[in-house]
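Please open the structure in the viewer and keep the selection tool at hand. The stops below follow one another in order.

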Amino acid sequence: MPMDTSFATSSQDAVLALWRPRLIRLATASDDNDGAHDLNHLERVWSSARTLLAALPQADALVVMAACYLHDLVNLPKNHPERRQASRMSAQAAVAQLSALDFPRGRLAAVAHAIEAHSYSAGIVAETMEAKIVQDADRLDALGAVGLARMFHVGGQLGRALADSNDPLALQRTADDSCYTLDHIECKLLRLPATMQTAPGRALAEERARWVVAFRDQFVAEWGAEQGSAKTVP
């Protein structure tokens, strides 16, 4: 006779429902007015994570949810000298704040690792399924329509030009997203699908990356440069 998992599922849903508003309060306690890393971003990351969890039910959903909402507790600007340490700082802050709320102690280390490993710039290997899901979910939010909106938002914050006037696709120069926002597509976004840790995460990333390429080609066509596409999605 197959095992009845309805009670376990109901119990997990109750735990998630209990902790979600608490996590949101922690995440929004300090509003740094960053439209690219606000509550909407956290909600999208959790939404993507839930999609991945549906395909990977062996992962601890509470750990994943906590890491999704708290991964940007310390949000340093892209050009900050300690940017690579932000995920470690966020993990430390998350553990301290969750401990004060009596979050299950046995899950704190897993939450901390998932937060530390989510960062692209930190280069920390995701060693658990929960960390892999959080990393994939966060990177998915850098791709697609909203991801491009976030990219241009950050580029504006940092005072970067939209694109190189004469070579927007960086065919005759080295792509440099510290100068040109559009170069971020080549420097990072199109590399994300290959870094995805889960099969469903990679499928979603590849789909969104194809849309990013289509947008970039349309952007260049309107920009006025007569160049072909510099890179296709693998």
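This is a predicted model: local features need pLDDT of at least 70, side-chain atom pairs count only at pLDDT 80 or more; totals for chains, interfaces and linings use all residues.

**First stop: a loop serine**

Select Ser 178, which is partly exposed at a relative accessible area of 45% (buried means under 20%, exposed over 50%, partly exposed in between, with a 1.4 Å probe and protein chains only). Ser 178 sits in the loop between α7 and α8 (183-187); helices are DSSP runs of H or I of at least four residues, numbered from the N terminus.

Residues are numbered from 1 along each chain as its sequence is written, and side-chain values use heavy atoms, without hydrogens and water.

**Second stop: two helices**

Now select α7 (residues 144-157) and α10 (residues 199-223), whose axes come within 9 Å and cross at roughly 55°. α7 is therefore oblique to α10 (angles under 35 degrees count as roughly parallel, over 145 as roughly antiparallel, 65 to 115 as roughly perpendicular and the rest as oblique). Show the side chains in contact (heavy atoms within 4.5 Å): Gly 144, Ala 145, Leu 148 and Phe 152 in α7 meet Arg 208, Trp 211, Val 212, Phe 215 and Phe 219 in α10.

Select Cys 68, which is buried at 0% relative accessible area, then Cys 179, which is partly exposed at 36%. The disulfide count (cysteine sulfur atoms within 2.5 Å) is zero.

Technical notes: Axes are lines fitted to C-alpha atoms, for helices over the stretch in contact, and angles run from 0 to 180 degrees between N-to-C directions.
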